[in-house]
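Colleague: I would like to go through a model feature by feature. Please give the rule for each feature, then the case at hand.

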Amino acid sequence: LFMPLTALLLVPQGWDQRRYLGFAACYRVMGLLYLLGPVLVLSYWGGGSYLGWSTGWIEAFYQTLGLALSGLAIWLGIRRGWSEVVSTGLVFALIMLFAKL
């Protein structure tokens, strides 16, 4: 349900944001929250997924996907100079690692 709202990540790329200072960062953070939030939930509650796999495989898949997406967000944030994307990716990576431990 929340995954289509990830399109908020693309809003600052397609429209001019010079008149609205700070909104591009807000769009990027909200898009990441709508992407990484459900992945975090599904990585520990595999029964909520529509995938037909066993619960253990679903949770392992989403844990791997979550760490990969967090790493990708950190890399992209560093590459583009978006500190809010780096921070959001780092927070989700740490939450996933601490929850796993």
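Colleague: Is Tyr62 buried or exposed?

Modeller: Buried means under 20% relative accessible area, exposed means over 50%, and partly exposed lies in between, with a 1.4 Å probe and protein chains only. Tyr62 has 11% relative accessibility and therefore counts as buried. Of the 101 residues of the protein chain, 34% count as buried. Before we go on: this is a predicted model, in which local features need pLDDT of at least 70 and side-chain atom pairs count only at pLDDT 80 or more, while totals for chains, interfaces and linings use all residues. Residues are numbered from 1 along each chain as its sequence is written, and side-chain values use heavy atoms, with hydrogens and water left out.

Colleague: How many aromatic pairs does the structure hold?

Modeller: Rings of Phe, Tyr and Trp (its six-membered ring) pair if their centres lie within 6.5 Å; planes under 30 degrees apart count as stacked, over 60 as edge-to-face, and the rest as tilted. The structure holds two such pairs. Trp53 and Phe61 are edge-to-face, at 5.5 Å centre to centre with 85° between the planes. Phe61 and Tyr62 have ring centres 5.2 Å apart and planes at 70°, so this pair is also edge-to-face. Trp53, Phe61 and Tyr62 form one aromatic cluster.

Colleague: Which residues does UniProt list as "transmembrane region"?

Modeller: UniProt positions are given in the numbering used here, feature names are shortened, and annotations may be inferred rather than shown by experiment. The unreviewed UniProt entry lists residues 20-45, 57-76 and 82-99. In the model, residues 57-76 are 100% helix and 0% strand, with the end C-alpha atoms 28 Å apart. Residues 82-99 are 94% helix and 0% strand, and their end C-alpha atoms lie 26 Å apart.

Colleague: Which residue forms a salt bridge with Glu84?

Modeller: Side chains of opposite charge can pair when their charged atoms come close. The criterion is a side-chain nitrogen of Lys or Arg within 4 Å of a carboxyl oxygen of Asp or Glu. The structure holds one salt bridge. Its partners are Arg28 and Glu84, with the closest N and O atoms 2.8 Å apart. Arg28 lies in helix H2 (residues 23-42) and Glu84 in helix H4, so the pair ties together parts that are 56 residues apart in sequence. Arg28 counts as buried, at 10% relative accessibility.

Colleague: Over the face of which ring does Arg28 lie?

Modeller: A charge sits over a ring if NZ of Lys or CZ of Arg is within 6 Å of the ring centre and within 35 degrees of the ring normal. Arg28 lies over the face of Trp82, at 4.1 Å from the ring centre.

Colleague: How far apart in space are Ala99 and Ser43?

Modeller: Ala99 and Ser43 are 9.9 Å apart, C-alpha to C-alpha, and 56 residues apart in sequence. Ala99 is in helix H4 and is partly exposed at 44% relative accessibility.

Methods: Helices (H or I, at least four residues) and strands (E, at least two) are DSSP runs, numbered from the N terminus.
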